[in-house]
Amino acid sequence: MLFNFNALDHPFYMREALNEATQALMAGECPIGAVIVHKGEIIGRGRAQHKNTHNRLAHAALNALLSVANRLYEFDRGDAVIYTTVEPCEMCLGAIVMSDAVNHIVYALPDRWINTTPMLAMPHVQRHIYNYLGGVLEKESADLWEQYSPRELRLIREGKFPE
């Protein structure tokens, strides 16, 4: 079966990522969640776990990738998608690119503070990321951030610290 990114039910999978983000919020973490979808099946999940693990690298997207790390070589290139509730940071985007298996990124809330958009122009990134789609259920992700920290939500949305 030929992979068709546009035929995927992006809101359905983003709701699953939002469920992960909600669990992170309930655990006292920043509300970021991620799922990895391969051929229509959710095969990996992750959520932010910085505080509870005392690990600044415990980002949702990275945790989702690590949850399927032993299966990445099985994937046909171009068949896997990561859904994340906030646009990936540099570390997570780099890990997605270097996985060489997850070639499509869908996110809810654009992150103007981290602003990884310039990285998308890098030739190496362009060879690995086929689709980069934002704004899917953005309001739902922002609502979780509003509960967690209105100040940090403004930072993400505006790209600068609020006055």
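Which residues of α6 are buried? Select helix α6 (residues 138-148): S141, A142, L144 and W145 are buried, that is, under 20% relative accessible area with a 1.4 Å probe, protein chains only. Helices (H or I, at least four residues) and strands (E, at least two) are DSSP runs, numbered from the N terminus.

The model is predicted, so that local features need pLDDT of at least 70 and side-chain atom pairs count only at pLDDT 80 or more, while totals for chains, interfaces and linings use all residues. Residues are numbered from 1 along each chain as its sequence is written, and side-chain values use heavy atoms, with hydrogens and water left out.

**Helix α6**

Look down the axis of α6: its buried residues fall within an arc of 155°, taken from the directions from the helix axis to the C-beta atoms, and therefore line one face of the helix. On the other side, K139 and Q147 are exposed (over 50% relative accessible area). The buried residues pack against α1, β3, β4 and α7; contact means heavy atoms within 4.5 Å.

**Partners of α6**

Axes are lines fitted to C-alpha atoms, for helices over the stretch in contact, and angles run from 0 to 180 degrees between N-to-C directions. The two helices are therefore roughly parallel (under 35 degrees). Display L18, A21, T22 and L25 of α1 with E140, S141, L144, Q147 and Y148 of α6 to see the contact.

Then select α7 (150-158).

**The cores**

Now select I36, I82, V102 and W145, the residues with the most contacts inside the largest nonpolar core, which has 35 residues. Such a core is a set of buried Ala, Val, Leu, Ile, Met, Phe, Trp, Tyr and Cys residues joined through side-chain atoms within 4.5 Å. Another core, of 17 residues, lies apart from it and includes A21, L25, V81 and Y83.

**Strand β4**

Finish at N103 in strand β4, which is buried with a relative accessible area of 0%. Leaving aside neighbours within four places in sequence, N103 is in contact with R77, G78, A80, H128, I129, Y130 and N131.

Technical notes:
Angles under 35 degrees count as roughly parallel, over 145 as roughly antiparallel, 65 to 115 as roughly perpendicular and the rest as oblique.
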